[in-house]
Amino acid sequence: MKKVLFVCLGNICRSPTAHGVFREIVARRGLSEQISIDSAGTAAYHIGNPPDHRSAACALQRGYDLSDLRARQAVTADFSQFDYILAMDAQNLSDLESICPSDYQGHLGLFLDFGSESVREVPDPYYGGPEGFDHVLDLVESASEGLLGHMVRDL
Ligand code: 4NP
């Protein structure tokens, strides 16, 4: 069993989108018993909240149900649980690095390093318009395929 944790700032927009999309493509490939998925935020603002309604609606339009997800904060103990800890942007990565134990053996990095596009960060859609949420989904779908392609070689 390999474990993946997606991390953004609030755990209500980008990382729940990644969580729901990756969970779905893993399920479609019949790999749910081999790959487990979670998401978290570096900040505590939204602990216990469901995904932002704009993220949830945008994801549902493409067939991804985020309704069971609830926000939690990333903690140091996550590093003893997860093989891959994937940040949505460089600030999230830097915040994770600041709580990462020095002996962490897993992969801590940017999620979009597994994508095929040149953009490396998933832009925060929270304060923008509806097109930002669709853009998040485009980037997340592409990087999810890349991540799964990488992980199946490693199962
Ligand atoms: P996320 O988006 O990090 O993709 O979940 C945000 C959600 C909430 C806030 C910022 C970003 N906020 O400032 O409350």
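Reader: By class, which residues make up the shell around the ligand?

Author: Seven nonpolar, three polar and two charged residues. Ala, Val, Leu, Ile, Met, Phe, Trp, Tyr, Cys and Pro count as nonpolar; Asp, Glu, Lys and Arg as charged; the others, Gly among them, as polar. This is a predicted model: local features need pLDDT of at least 70, side-chain atom pairs need 80 or more, and totals for chains, interfaces and linings use all residues. Residues are numbered from 1 along each chain as its sequence is written, and side-chain values use heavy atoms, without hydrogens and water.

Reader: Which residues surround the ligand?

Author: A residue is near a molecule if one of its heavy atoms lies within 4 Å of it. Here the ligand is surrounded by Cys8, Leu9, Gly10, Asn11, Ile12, Cys13, Arg14, Tyr45, His46, Asp124, Tyr126 and Tyr127.

Reader: Which polar backbone atoms lie 3.3 Å and 2.9 Å from an oxygen atom of the ligand?

Author: Asparagine 11 supplies the backbone atom at 3.3 Å. Cysteine 13 supplies the one at 2.9 Å. From tyrosine 127, a polar side-chain atom lies 3.2 Å from a ligand oxygen.

Reader: How much of the ligand does the protein bury?

Author: Accessible areas come from the Shrake-Rupley method with a 1.4 Å probe. Alone, the ligand exposes 350 Å², and the protein buries 93% of that.

Technical notes: A polar contact is a pair of N or O atoms within 3.5 Å; within protein, one must be able to donate a hydrogen and the other to accept it, and residues adjacent in sequence count only if both atoms are side-chain atoms.
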